[in-house]
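Welcome to my notebook. I opened this structure to get to know it, and these are the entries I kept along the way.

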Amino acid sequence: MCGPHVMQQIDYGDSTTRRLGEGHPYVRRTGEDGSVQVAGEPQPKKPSMLGRAVSRRNLFRLSGATGVAAAVSVLPTGVVAHADAQGLLGRKVKDLTHTLSSDFPIFYPLSPPPVYEQTRFLDQDGFNAYTMTLDEHSGTHIDAPAHFSDESGFLDEIPVQSLVAPLVIIRIEDRAENDATAQLQAADIRRYERRYGRIPKGAFVAMDSGWSKRVDIPGAYLNQGPDGVFRWPGIDPEATALLVEERSIVGVGVDTTSLDAGGSDNPDTHQILLPAGLYGIENLNNLGSVPASGATIVIGASKHRGGFGGPARVFAFH
């Protein structure tokens, strides 16, 4: 990649000689020396919002305003119109993602911790960059169907339509406080539906056990006991079967290390969900700040070919 400081040092030779790219609609120059300004789309006839970058200062300024609507003034008209049509303007946005770092509590018997090595430095190379080495299933991440099946889809094959879905949050925090291996049961699903109505078609169902609050307490998130067993809440296999066979969902998620409760003899919930062509999200965060019904989840899943899973940026509108 060629940085601006390099592009501006291009020698165009004698000014009477036709310069490379002169007159081409995809090359812009500025200044008497003909230095390159932008290489991209043609120069618009009039200033366009599409050509304006939102500066860091503008982003900070927006943080003091209310909700998504505060950002409307810096968005292109088409984006505003689309967001309004989808009913997103004026709604709150909550980040459901943990910050990934080398000290995030990864389930180390199966996955190594992330490694970050800075390989480029601003003072030496003109830019900063890391080389990252991490397991697909690190931090807040998605499990693709192929994670537990040779016949189901890889990460890059998950339909994008299924990554934006009505969000159903079923809370079991009251039980998880006293039972580290509490599970979301079929009875919890039916209790939820008596209060909020049947789970919508195409919904994403998340278990909120309150476990994400433990992530910064050393040892509390993986919760390994003196007997060597890791204990955390999960989704009961029978509840998973109900969601897969009797409801029309796109996936399920948990605010713990695994869809299956810690200490389970077998990963039954994984084995029921993923081969059915659905996906899972593990290590969700901040579910307690989102309403149990009425929100929309957006999953920014990574898209590497043949992936069995990958880090995800997950957020909710409500």
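**Entry 1: a threonine with partners.** I began at T97, where a polar atom of the side chain lies 2.7 Å from the backbone nitrogen of V314. I then looked at side-chain partners and found a polar contact of 2.9 Å between T97 and D95. For its place in the chain, I noted that T97 sits in the loop between β3 (93-95) and β4 (115-120).

Is T97 buried or exposed? I looked up its relative accessible area, which is 12%, so T97 counts as buried. Leaving out residues up to four places away in sequence, I listed what T97 touches: T140, N285, A312, R313 and V314.

Entry 2: Over residues 1-76, though, pLDDT stays under 50. Where pLDDT is low, the predicted coordinates should not be read in detail. I still wrote down that the model has 60 contacts beyond four places in sequence for residues 1-76.

**Entry 3: the whole chain.** I counted up the elements next: the protein chain has eight helices and 14 strands. Of its 318 residues, 37% count as buried. I also checked contacts with a separation of 6 or more, and 67% of them join residues 24 or more positions apart. The chain exposes about 18400 Å², with carbon and sulfur atoms supplying 52% of that area.

**Entry 4: helix α7.** Which residues of helix α7 are buried? In this helix (residues 237-246) I found A239, T240, A241, L242 and L243. I then looked for what covers these buried residues, and the cover includes the helices α6 (186-196) and α8 (268-273). Strands β8 (183-184), β9 (203-208), β10 (234-235) and β11 (249-254) are also part of that cover.

What caps the N-terminal end of α7? I found D236 there, with a side-chain oxygen 3.0 Å from the backbone nitrogen of E238.

**Entry 5: a nonpolar patch outside.** My last stop was the surface, where Y130, M132 and L134 make a nonpolar patch of about 310 Å². I placed Y130 in strand β5 (residues 129-133). Its relative accessible area is 53%, and the cut-off for exposed is over 50%, so I marked Y130 as exposed.

How values were computed
Residues numbered from 1 in each chain as written. Predicted model: local features only at pLDDT ≥ 70, side-chain atom pairs only at ≥ 80, totals over all residues. Heavy atoms only, no water. Patch = residues over 30% accessible without salt bridge, like charges linked within 9 Å, V, L, I, M, F, W, Y side chains within 5 Å. Areas by Shrake-Rupley, 256 points an atom, 1.4 Å probe, with all protein chains shown as cover. Salt bridge = Lys/Arg side-chain N within 4 Å of Asp/Glu carboxyl O. Helix = DSSP H or I, 4+ residues; strand = E, 2+ residues; numbered from the N terminus. Buried < 20%, exposed > 50% of the residue type's maximum accessible area, 1.4 Å probe, protein only. Contact = heavy atoms within 4.5 Å. Polar contact = N/O pair within 3.5 Å; in protein donor to acceptor, adjacent residues only side chain to side chain. pLDDT = per-residue confidence, 0-100.
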